[in-house]
Amino acid sequence: MMRDQKLWTWHLAAGVVILFLLGLHMTVMHLDSVVHFAGLNPAGGHPIDWSNVVARAKGAGMTVSYVLLLGAALFHGLYGLRNILFELNPARWLRGAVSVVLLLGGLALFAYGTWAAVASFNLAKLASGR
Amino acid sequence: MLETKGHPNRLGLWGWLGGGRWGVERYLYTLHRVTGLGLLAYFLLHIVVTSSRALGQGPWQSAMASVSGPLFKLGEYLVFLAFAFHAVNGIRLGLIELGFAVGPPIEPVYPYRTSLDTQRPLAIAALLVAAVLVVMGTLNFWVLE
């Protein structure tokens, strides 16, 4: 399989992961008054209330799903952006530069977002006394 | 990425924004890209803003306060609309890409049938599902919340 074909297959696979995890995230955050998932907003009130943030963050499954969604969404989004930019027919050197910038930017954001998810998990565990 | 096979996109931005007299699916393609770019821009900022939860309650609440107000609410609503369309249209594109929604190969006998006979109903169904999500989101954002 050619390299771009592999990346395109990963792009589709990441889309499926995003469909489920971002669908769940959007349901919890933006459809909470229409669809009720009591387990995901355990403290009641608004989904972004600190008590709900802590309640969600202390679950290891939730932390893993955040990191998975972060990686899938960064890859899907940045690879999609790369394709769009490449269709504008840039020079060969510019293609290389775009790829490197997107790769490094994506890795940096992935590291930062993963740190935030793990640190929130530890913080929530401390706050709940376990 | 699709290879251009020696026929690069000489039209630049207009090459993927404008669909001319191609069917509605061509404009769904353009909208898929526009919503994708919007979602990506939001997502990159979202990572930075929501990471404040790792620093505790104070930083979280001040970060949330800095992105509150009617303008941000409208922005979030637009993000939800973009998500509803991009997700459902993405399922449609995936089905076509994997060959599930193009119909079986048939003899070219008049009156000719094309894969569009399968794809068009799928596009309409996708738009209807997206519309249902938009209605649910609109209720949640502006009526029930």
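This is a predicted model: local features need pLDDT of at least 70, side-chain atom pairs count only at pLDDT 80 or more; totals for chains, interfaces and linings use all residues.

What is the mean pLDDT of chain B, and what share of its residues reach 70 or more? I looked it up: the mean is 90, and 94% of the residues of chain B reach 70 or more. The scores for the model are ipTM 0.93 and pTM 0.90.

**Entry: α1 and α3 of chain A**

I began with helix α1 (residues 3-30) and helix α3 (residues 60-86), both of chain A. Their axes are 8 Å apart, and the angle of packing is about 130°. I put the pair down as oblique, because an angle has to be over 145 degrees to count as roughly antiparallel. The crossing of α1(A) past α3(A) is left-handed.

Then I listed who meets whom. From α1(A) I noted A:L7, A:W10, A:H11 and A:A14 among the contact residues, and from α3(A) the list includes A:S65, A:L68, A:L69 and A:A72. Sorted by type, the residues of this contact come out as 13 nonpolar, six polar and no charged.

**Entry: α3 and α4 of chain A**

Next I followed α3(A) to its contact with α4(A). Here the axes come within 10 Å and the crossing is at roughly 165°. That angle is why I call α3(A) and α4(A) roughly antiparallel. α3(A) passes α4(A) in a right-handed crossing.

Among the residues making this contact are A:F75, A:L78 and A:L81 of α3(A), with A:L102, A:G106 and A:L109 of α4(A). I count off 16 nonpolar, six polar and two charged residues for the contact of α3(A) with α4(A). A:F75 is also on the list of α3(A) residues that meet α1(A).

**Entry: where chain A touches chain B**

How many residues does each chain give to the contact? I get 35 from chain A and 33 from chain B. On the chain A side, α1, α2 (50-57), α3 and α4 (92-127) each give two or more residues. α1(A) has the largest share of that side, with nine residues. By type, the chain A side holds 22 nonpolar, 10 polar and three charged residues.

I also checked α2(A). Its buried residues are A:V53, A:V54, A:A55, A:R56 and A:A57. Their cover includes α3 and α4 of chain A, and α3 (57-66) of chain B as well.

**Entry: α4 and α5 of chain B**

The contact includes B:Y77, B:F80, B:L81 and B:A84 of α4(B), and B:V129, B:A130, B:L133 and B:V134 of α5(B). Its residues divide into 17 nonpolar, three polar and one charged.

**Entry: B:W14**

Is B:W14 buried or exposed? I found B:W14 in helix α1 (residues 13-17) of chain B. B:W14 counts as exposed, because it has 10 C-beta neighbours inside 10 Å, and the cut-off for exposed is 12 or fewer.

How values were computed
Residues are numbered from 1 along each chain as its sequence is written. Chains are lettered from A and ligands numbered from 1 in the order in which they are written. Axes are lines fitted to C-alpha atoms, for helices over the stretch in contact, and angles run from 0 to 180 degrees between N-to-C directions. Helices (H or I, at least four residues) and strands (E, at least two) are DSSP runs, numbered from the N terminus. Angles under 35 degrees count as roughly parallel, over 145 as roughly antiparallel, 65 to 115 as roughly perpendicular and the rest as oblique. A crossing is left-handed if the near helix is turned anticlockwise from the far one by less than a right angle, and right-handed if clockwise. Two residues are in contact if their C-beta atoms, placed from the backbone, lie within 7 Å. Ala, Val, Leu, Ile, Met, Phe, Trp, Tyr, Cys and Pro count as nonpolar, Asp, Glu, Lys and Arg as charged, and the others, Gly among them, as polar. A residue is buried if 20 or more other C-beta atoms lie within 10 Å of its own, exposed if 12 or fewer, and partly exposed in between; C-beta atoms are placed from the backbone. pLDDT is the predictor's confidence in each residue, from 0 to 100.
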